[in-house]
Amino acid sequence: MVEKFIMAGTTPVHVADSEQGSKCVVLLHGSLESMIVWEEFIPLIYKSVRVITVDIPGHGISEVKGEVHTMDYLADVIVGAMDSLGVDRACIVGHSMGGYVAVDICERY
């Protein structure tokens with residue numbers, strides 16, 4: 001996994017990317033967590049799919065853009081991150097709040 005900061009639209013976000021695989025899984029953590037919650041899960045799947053984890057804005061070491069981050073804003077950031085990484089299609093897996101973000105992405109995109 002390669003960790004880096006990328007721009008997702010106008011928001012800098014911290015991501016980790018296995019950078020290999022024809023299929024992609026984006027893992028979204030829950031509220032008050034970070035991408036670290038997926039640490040033990042990634043070794044189980046990274047050999048068969050590209051794995052991307054994201055510190056959702058306001059969590060981990062990604063930027064805080066305001067007091068409130070709406071689900072629409074967070075969904076836009078995740079889609080922006082996918083665009084920056086060259087991912088046009090992915091299976092999005094969300095835990096807790098990350099699940100709400102995943103649902104918003106599916107509804108809007």
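**Close-up views of a predicted chain**

**View 1. Surroundings of serine 18.** Leaving aside neighbours within four places in sequence, serine 18 is in contact (heavy atoms within 4.5 Å) with Met1, Val49, Arg50 and Val51. The model is predicted, so local features need pLDDT of at least 70 and side-chain atom pairs count only at pLDDT 80 or more, while totals for chains, interfaces and linings use all residues. Residues are numbered from 1 along each chain as its sequence is written, and side-chain values use heavy atoms, with hydrogens and water left out. Serine 18 lies in the loop between strand E2 (11-17) and strand E3 (24-28), where helices (H or I, at least four residues) and strands (E, at least two) are DSSP runs numbered from the N terminus. The side chain of serine 18 reaches the backbone nitrogen of valine 51 at 2.9 Å. Serine 18 counts as buried because its relative accessible area is 16%, given that buried means under 20%, exposed over 50% and partly exposed in between (1.4 Å probe, protein chains only).

**View 2. The chain as a whole.** Three helices and five strands make up the secondary structure of the chain, and from the N terminus on the elements run β-β-β-α-β-α-β-α. The C-alpha atoms fill a box of roughly 40 × 25 × 25 Å, taken along the principal axes. Of the 109 residues, 48% count as buried, and residues 24 or more positions apart account for 69% of the contacts in the chain with a separation of 6 or more.

**View 3. Aspartate 104 in helix H3.** Aspartate 104 lies in helix H3 (residues 97-108) and counts as buried because its relative accessibility is 9%. Not counting residues up to four places away in sequence, aspartate 104 touches Met71, Asp72 and Ala75.

**View 4. Valine 64 in a loop.** Valine 64, in the loop between strand E4 (50-54) and H2, counts as exposed because its relative accessibility is 53%. When residues up to four places away in sequence are not counted, valine 64 touches Gly58 and His69. The C-alpha atoms of valine 64 and leucine 85, 21 residues apart along the chain, are separated by 21 Å.

**View 5. The second largest pocket.** About 170 Å³ of space lies in the second largest pocket, a pocket being an open set of points on a 1 Å grid over the protein atoms alone where a 1.4 Å probe fits, with protein on both sides within 12 Å along at least five of seven lines, and lining residues having an atom within 4 Å of a point. Among the residues of its lining are Val79, Met82, Asp83, Ile105 and Tyr109. Helix H2 (71-84) and strand E5 (91-94) are the elements that give two or more residues to this lining, and the largest share, three residues, comes from H2. By class, the lining of the second largest pocket has eight nonpolar, no polar and three charged residues.

Terms used. Grid points are joined across faces, edges and corners, and a volume is the space filled by probe spheres set on the points. Ala, Val, Leu, Ile, Met, Phe, Trp, Tyr, Cys and Pro count as nonpolar, Asp, Glu, Lys and Arg as charged, and the others, Gly among them, as polar. A polar contact is a pair of N or O atoms within 3.5 Å; within protein, one must be able to donate a hydrogen and the other to accept it, and residues adjacent in sequence count only if both atoms are side-chain atoms.
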